[in-house]
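Here is a briefing on one protein chain. Look it over first, then read the points below.

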Amino acid sequence: MKIAVIGGGLTGLTAARELREFCKVTVFEPHWLGGLASSYCRDNYCIEKFYHHCFRGDDELLDLIKDLRLASKLEWRIARVGYELNGEVYPLNTPVEILRYPGMSFTDKLKLSLFTLRSRNKNYEKFDDIGVIEGISKELGEGLYKRFFYPLLRGKFGENYGLVSYAWLLARVAIRSNRTMKGEKLGYMRRGFHQLIERIVEGFEIRNERAKIQKGSRWIVNGEEYDAVIYTAPLPELGEIIRTEAGVEDIRYQSSICCLVGSESTITEDIYWTNLSSGVIFGAIIEHTHFMPFEDYGEHVIYFAGYTTPDSPLMIMGEDEIAKVILKDAGKFGLKSEDVRWVKVFRAKYSGPIYEKGYLRKITPYRTSLPGFYIAGMTSKPNYPERSMNGSIAAGKEVAECVIEDYFS
Ligand SMILES: Cc1cc2nc3c(=O)[nH]c(=O)nc-3n(C[C@H](O)[C@H](O)[C@H](O)COP(=O)(O)OP(=O)(O)OC[C@H]3O[C@@H](n4cnc5c(N)ncnc54)[C@H](O)[C@@H]3O)c2cc1C
């Protein structure tokens, strides 16, 4: 029995790992192992191309880290969050900081905390056909939407924010956070998640090739026959014909741009994640070396991160050109050009689904209408309401269980 896994991101690598004892598995990956969770390496350290951290509730990820004997590398640290308003960054972590924040009235803050508590008990699925702007405005008023949610939604979905469902927001708010009185604790693998990718790849074949899939009496991938195919790459890359025959709904994706900078100075004093309310290409500044120790890097490592659409001119602009635009905007927030040591721009055309109205009906099933053709990844159930490393590991495991049930039990 031979299985082809299309895509060497966390979904594909996990599925291959789960199936390696049952059959011969070949993973096809044309770019980098780890996909969106892959890293960029400097001489003395590696760092994720797109910022990454994890949460206490990420059971599948934490189990995998343990299985790969990497648990000692995982650290939980307070990740301080800030909110930029009219050019000023306000920390929003402790109760005192929240009370002091001038962007909202005391009544708005109270309304917001009650909304958070209520959301935990709401059946969010009922709100899948309601738009997020309508839902928030009705429940909390237009003022709170504009002052608080709009910049956050824009930072998370770029210009697609208005498409998102209210169900998504409720489901997202309901995820319990690991809060202390000093702020939220997030997890990170000391010296980078690339260590996880390096360890996961044992026991199966990897081909550094873009997969071309054809249907025959068996499945044919790049000219070779396979009994089954697990497709984990973005759905738009699958092509209309196979997607339609597979009976799978089309899903709209958003794109990511992360401009990564090595710098001699920082932007804020101690904030990891700053949400921006001013309209620039990026919606957030993520100062990695305010989360993990500066000594591990020997310089400050800062992301300027934003979301856009796959057809945006920003996705095809030359790297130097886009870096110039981003650095100019970054200067407005305090990045000193004379302190910048290096700049890299990473872009992902299909970086996550847009959780738009009606999304819950479109979630991709593992088994499709085509026998022997399975799909898993960012549009699978475990990646709702947030696509994540944990969700993709869960999807990889669950699709492997389907294959084992269909062929080996
Ligand atoms: C900006 C950003 C920040 C993020 N931050 C976090 C975070 O803090 N915490 C967290 O848990 N998650 C985070 N994520 C999400 C996480 O990285 C992803 O959910 C997860 O890595 C997706 O894995 P995947 O295997 O499902 O998809 P992908 O990583 O997209 O893997 C799919 C693979 O398929 C390959 N492929 C495409 N076409 C073909 C083809 N024809 N043939 C073969 N292969 C093909 C691609 O090259 C890619 O490697 C973030 C993502 C982004 C973009």
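How many helices and strands are there in the protein chain? There are eleven helices and 20 strands. Both are DSSP runs, numbered from the N terminus: helices are H or I with at least four residues, and strands are E with at least two. The radius of gyration is 22 Å, close to the 22 Å that the globule rule gives for 409 residues, so the chain is as compact as a globular protein of that length. That radius is taken over C-alpha atoms, and the rule is 2.2 Å times the number of residues to the power 0.38.

This is a predicted model: local features need pLDDT of at least 70, side-chain atom pairs count only at pLDDT 80 or more, and totals for chains, interfaces and linings use all residues. Residues are numbered from 1 along each chain as its sequence is written, and side-chain values use heavy atoms, with hydrogens and water left out.

**The whole chain**

- Along the principal axes, the C-alpha atoms fill a box of roughly 65 × 50 × 40 Å.
- Of the 409 residues, 54% count as buried. Buried means under 20% relative accessible area, exposed means over 50%, and partly exposed lies in between (1.4 Å probe, protein chains only).
- Take the contacts between residues at least 6 apart in sequence: 72% of them join residues at least 24 apart. A contact means heavy atoms within 4.5 Å.
- The accessible surface comes to about 18,300 Å². Carbon and sulfur atoms hold 50% of that surface. The areas come from the Shrake-Rupley method with a 1.4 Å probe; for residues, only the protein chains shown count as cover.
- The chain has 54 positive and 55 negative charges, and their mean positions are 3 Å apart. Lys and Arg count as positive, Asp and Glu as negative; His and the chain ends are not counted. Each charge is placed at NZ of Lys, CZ of Arg, CG of Asp or CD of Glu.

**Cysteines**

- A disulfide is a covalent bond between the sulfur atoms of two cysteines. Here it is called when a pair of cysteine sulfur atoms lies within 2.5 Å.
- A search of the whole structure finds one disulfide.
- Cys41 and Cys46 form a disulfide, with their sulfur atoms 2.0 Å apart.
- The link of Cys41 and Cys46 is right-handed, with 105° about the S-S bond.
- Cys41 is partly exposed, at 45% relative accessibility. Cys46 is buried, at 13%.
- Cys54 is in no disulfide; the nearest cysteine sulfur, that of Cys258, is 17 Å away. Cys54 is buried, with a relative accessible area of 0%.
- For the sulfur of Cys258, the closest cysteine sulfur is in Cys259, 8.7 Å away and too far for a bond. Cys258 is buried, at 2% relative accessibility.

**Backbone exceptions**

- Most residues other than glycine have a negative phi, and most peptide bonds are trans.
- The peptide bond from Tyr384 to Pro385 is cis, with omega near 5°. Pro385 sits in the loop between β20 (373-375) and α11 (389-408).
- Arg69 is not a glycine, yet its phi is positive, near 60°. Its place is the loop between α2 (59-67) and β5 (74-78). Arg69 is exposed, at 66% relative accessibility.
- Asn222 also has a positive phi, about 45°, although it is not a glycine. Asn222 lies in the loop between β12 (219-221) and β13 (224-226). At 30% relative accessibility, Asn222 is partly exposed.
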